[in-house]
Amino acid sequence: MENKRRETMETICYRELKERIQNGFYQPGERLIETKISKEMNISRTPVRKAISMLTVDGFVENTEYRGAVVADSRLTKDDYIEMLDVLGLFLKHAIRRIEVKKLPINYKRFEEKRLELDWALESKRERAYFYYGKSVLLEFIFYLKNDCYLEIVEDFSVKVQQFGTAEVFSIIENSGKDFVKGIEQILFSIRKENYFKALEVVDQITERQILSAYR
């Protein structure tokens, strides 16, 4: 029972500290002092110490030689996100070109299911769910490239956004949501009509609109 209780306190402490880091309560470079945190949360130092270790493994905290555990500067900023949008756009265009050249069959039913999931997340105003389904749509295209490296890059980027994305990043995702869903519909329609030039053009438009939404 004691071990189960301790694990529960570790989890509670981990989630609380993680939330504080993500919302900016703790700034990058700030020390995490076990005694202070244990008093604030009214728990012993043991679960605090273990929670900090878990945060270190996940990249939120780093151990320094003289200052101990400090908050890592792991935030994924608006500029980081915009830079990656260009890369994802290139991946998507590469996939469309391969579909054209290889005359690859498209599972439109599967894409439609993904689009409906996107619509649900968008209407429900669930930014993280919307981002997850948006990633799923992108991966559906990238599967056509038959390159695990591209898939890993997208998955890694997705994890970084979910874990370290700032409020500005999720604001971009939310504000550009309708344009993204509409753009995916246009891309699929263009591919169905074998108008690949138009499909490539729409990819550029999606990227441009997302970047513009970042500076509104």
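What pattern does the protein follow, read along the sequence?

## Fold at a glance

Read along the sequence, the answer is α-α-α-β-β-α-α-α-α-α-α-α. That pattern is built from 10 helices and 2 strands, where helices (H or I, at least four residues) and strands (E, at least two) are DSSP runs numbered from the N terminus.

Before going on, please keep in mind that this is a predicted model, in which local features need pLDDT of at least 70, side-chain atom pairs count only at pLDDT 80 or more, and totals for chains, interfaces and linings use all residues. Residues are numbered from 1 along each chain as its sequence is written, and side-chain values use heavy atoms, with hydrogens and water left out.

## Packing and surface

Taken along the principal axes, the C-alpha atoms fill a box of roughly 65 × 40 × 35 Å. Of the contacts (heavy atoms within 4.5 Å) with a separation of 6 or more, 69% join residues 24 or more positions apart.

Of the 216 residues, 44% are buried, meaning under 20% relative accessible area with a 1.4 Å probe and protein chains only; exposed is over 50%, and partly exposed lies in between. The protein exposes about 12,800 Å², with 49% supplied by carbon and sulfur atoms; the areas come from the Shrake-Rupley method.

## Charges and cysteines

Here you will find 37 positive and 36 negative side chains, the centres of the two sets lying 3 Å apart. Lys and Arg count as positive, Asp and Glu as negative, while His and the chain ends are not counted; each charge is placed at NZ of Lys, CZ of Arg, CG of Asp or CD of Glu.

The structure holds 0 disulfides, defined as pairs of cysteine sulfur atoms within 2.5 Å. Cys-13 is buried at 0% relative accessible area, whereas Cys-149 is partly exposed at 45%.

Key
Accessible areas come from the Shrake-Rupley method with a 1.4 Å probe; for residues, only the protein chains shown count as cover.
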